[in-house]
Amino acid sequence: MMKGVQLVTVLVLALACSLASAYDPSPLQDFCVALNDSSSSYAVFVNGKFCKDPKLSTADDFFFSGLDTPRDTSTPLGSNVTLLNVDKILGLNTLGISLARIDFAPYGLNPPHIHPRATEILVVLEGTLYVGFVTSNPENRLFTKVLNAGDVFVFPIGLIHFQFNARHTNAVAFAGLSSQNPGLITIANAVFGSNPPINPDVLAKAFQLDRNVINYLQEKF
């Protein structure tokens, strides 16, 4: 009986440790402003970034201006993502959060992608978006919704998701992400545009497509 209790205890502790390490670590101080100059004698390496002495921090370390300005959407996909992560706002280091503005041209797309380190919560400010995410194997269930201005939708961490402007007018959305550096893997770019390229025979087998089709797709990306 005692061995059984000990085994359960070990399993619970292991699970707790795995959950704790799955997200950004909790800060042990008020803040830890990232420092790009690692040669400083005041630098301390924390969570992938060197931190400056808190006494040397200023309000500008926690500030960004200009997110109200529309972005250029004359891109192949008709969208433009402005991500404010720890690289843009140094004060975000260890705070476990970031922000993005997403501009869409008419029929613009933020293509299927994942954030390996963050859940995303999106609010539409202008226009209408068709959004969705797909659950993991084996169900691969698709959750979709048409969002109008003021609507909010959540994309769970690590799941493939997308946003599409299905109207002939512009659209704007803001997204909060639960990591100072959420990461981005765009599915098509990763699969067909990897460096070096994935062997076409592998992709032809995986997608059940002719090898010539795979070659064409790899040339596109």
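Biologist: Let's start with Val123: which residue is its bridge partner in S10?

Modeller: Strands of a sheet pair through backbone hydrogen bonds, parallel or antiparallel. Here Val123 has Val152 as its bridge partner in S10. Strands are DSSP runs of E, at least two residues, numbered from the N terminus, and two of them pair if DSSP finds at least two bridges between them. S7 and S10 run antiparallel, joined by 4 bridges. By the way, this is a predicted model: local features need pLDDT of at least 70, side-chain atom pairs count only at pLDDT 80 or more, and totals for chains, interfaces and linings use all residues. Residues are numbered from 1 along each chain as its sequence is written, and side-chain values use heavy atoms, with hydrogens and water left out.

Biologist: In what order do the strands of the open sheet lie?

Modeller: Read S4-S5-S12-S7-S10, 5 strands with antiparallel pairing. S4 (79-84) and S10 (152-155) are the edge strands, each pairing on one side only.

Biologist: Which strands does S11 join up with?

Modeller: S11 (residues 160-164) runs antiparallel to S6 (residues 109-114), with 3 bridges; there, Leu109 partners Phe164. S8 (residues 129-134) is also antiparallel to S11, with 5 bridges, and Val134 partners Ile160.
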